[in-house]
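Welcome! Please take a moment to look over the model below, and then read on for a guided tour of its parts.

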Amino acid sequence: MGTWNSRGLRGSSLEELINMTNDKYQELHMALVQKIPTPIKPVSIDKNSRHITLAYFEQKSTVDYIGVAQNIPICFDAKECNTDTFPMQNIHKHQVEFMREFEKQGGISFMIIYYTNRNEMYYLPFYLVEKFYLRSAAGGRKSFRFEEIDLQYQINTDKGVPVHYLETLAIDLQNRD
């Protein structure tokens, strides 16, 4: 098990790596997690190529991913940040509300944050997402600093699993007991 090396994400987006991870988890029967597409309403379609040329978001999206990992319902959003300060404007009210309701139903909600400047990924448990969101909504700091996250939740890579978030999910579950 190692940390991300400098070549880790070159040429691949965070979403592509998470999709590869979810495919591997499914293949290994460890989890079944799907990317949730953002609903769009096409306005204009090129009749020749049948491509959408103009569209708008039909409704607010909830989270990026939803599924189940070893009988545990999970949902999460993936974000990238190129500094040690993550702006709260990147986490929307409807997302926090969805994650809160998901937790009330017995699921586990979290975020995966990739700090591109550090080439490191972290699992942000819902209690921290909510803490930072509520602080910002109450007129406090409009971001959170790298120093405020819990370093035990660093996400590593393991044997063909590029974003091995199930390890950090296990830590989150232990900490909830």
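## Ground rules

Contact here means heavy atoms within 4.5 Å. This is a predicted model, in which local features need pLDDT of at least 70 and side-chain atom pairs count only at pLDDT 80 or more, while totals for chains, interfaces and linings use all residues. Residues are numbered from 1 along each chain as its sequence is written, and side-chain values use heavy atoms, with hydrogens and water left out.

## The overall plan

Let us begin with the whole protein. It contains four helices and ten strands; helices (H or I, at least four residues) and strands (E, at least two) are DSSP runs, numbered from the N terminus.

Of the 177 residues, 40% are buried. Buried means under 20% relative accessible area, exposed means over 50%, and partly exposed lies in between (1.4 Å probe, protein chains only). The protein exposes about 10,000 Å², with carbon and sulfur atoms supplying 50% of that area; accessible areas come from the Shrake-Rupley method with a 1.4 Å probe, and for residues only the protein chains shown count as cover. If you take the contacts between residues at least 6 apart in sequence, 63% join residues at least 24 apart.

## The six-stranded sheet

In which order do the six strands of the open sheet lie? The order is β1-β4-β5-β7-β8-β10, and the pairing is mixed. At the edges are β1 (32-35) and β10, each of which pairs on one side only. Two strands count as paired if DSSP finds at least two bridges between them. Strands of a sheet pair through backbone hydrogen bonds, either parallel or antiparallel.

Strand β4 (residues 65-69) is joined to β5 by five bridges, and the two run antiparallel. Here Ala69 stands opposite Ile72 of β5. Further along, β7 (residues 108-115) and β8 pair in the antiparallel sense over six bridges, with Ile112 having Tyr123 of β8 as its bridge partner. The hairpin of β7 and β8 has four residues between the strands, and Asn119 takes a positive phi near 55° there.

Strand β8 (residues 120-125) is mostly covered, with five of its six residues buried. Two bridges link β8 to β10 (residues 154-155), again antiparallel, and Tyr122 has Gln154 in β10 as its bridge partner.

## A helix across the sheet

Helix α4 (residues 165-176) lies across β1, β4, β5, β7, β8 and β10, running at about 130° to β7. For such angles, axes are lines fitted to C-alpha atoms, for helices over the stretch in contact, and angles run from 0 to 180 degrees between N-to-C directions.

Asn175 is part of helix α4. With 44% relative accessibility, Asn175 counts as partly exposed. Setting aside neighbours within four places in sequence, Asn175 is in contact with Gln152 and Tyr153.

## A closer look at Asp77

Asp77 sits in strand β5 (residues 72-81). Is Asp77 buried or exposed? It is buried, with a relative accessible area of 2%. Beyond its neighbours within four places in sequence, Asp77 is in contact with Thr62, Val63, Asp64, Gln95, Phe110, Met111 and Ile112.

The side chain of Asp77 also makes polar contacts with the side chains of Lys79 (3.0 Å) and Gln95 (3.4 Å). A polar contact is a pair of N or O atoms within 3.5 Å; within protein, one must be able to donate a hydrogen and the other to accept it, and residues adjacent in sequence count only if both atoms are side-chain atoms.

## Charged pairs

Side chains of opposite charge can pair when their charged atoms come close. A salt bridge is a side-chain nitrogen of Lys or Arg within 4 Å of a carboxyl oxygen of Asp or Glu, and by this rule the count comes to twelve. One of them links Asp77 with Lys79, the closest N and O atoms being 3.0 Å apart; both residues are buried. Glu15, Lys35 and Asp64 are linked in a network of salt bridges.

Two further examples lie within helices. Lys93 and Glu97 meet in a salt bridge (3.9 Å, N to O); they are four residues apart in helix α2 (residues 93-104), so about one helical turn separates them. Lys93 is exposed at 51%, whereas Glu97 is partly exposed at 35%. In helix α4, Arg176 and Asp172 are also four residues apart, which means about one helical turn, and their side chains meet in a salt bridge (2.9 Å, N to O). Arg176 is partly exposed at 36% relative accessibility, while Asp172 is buried at 2%.
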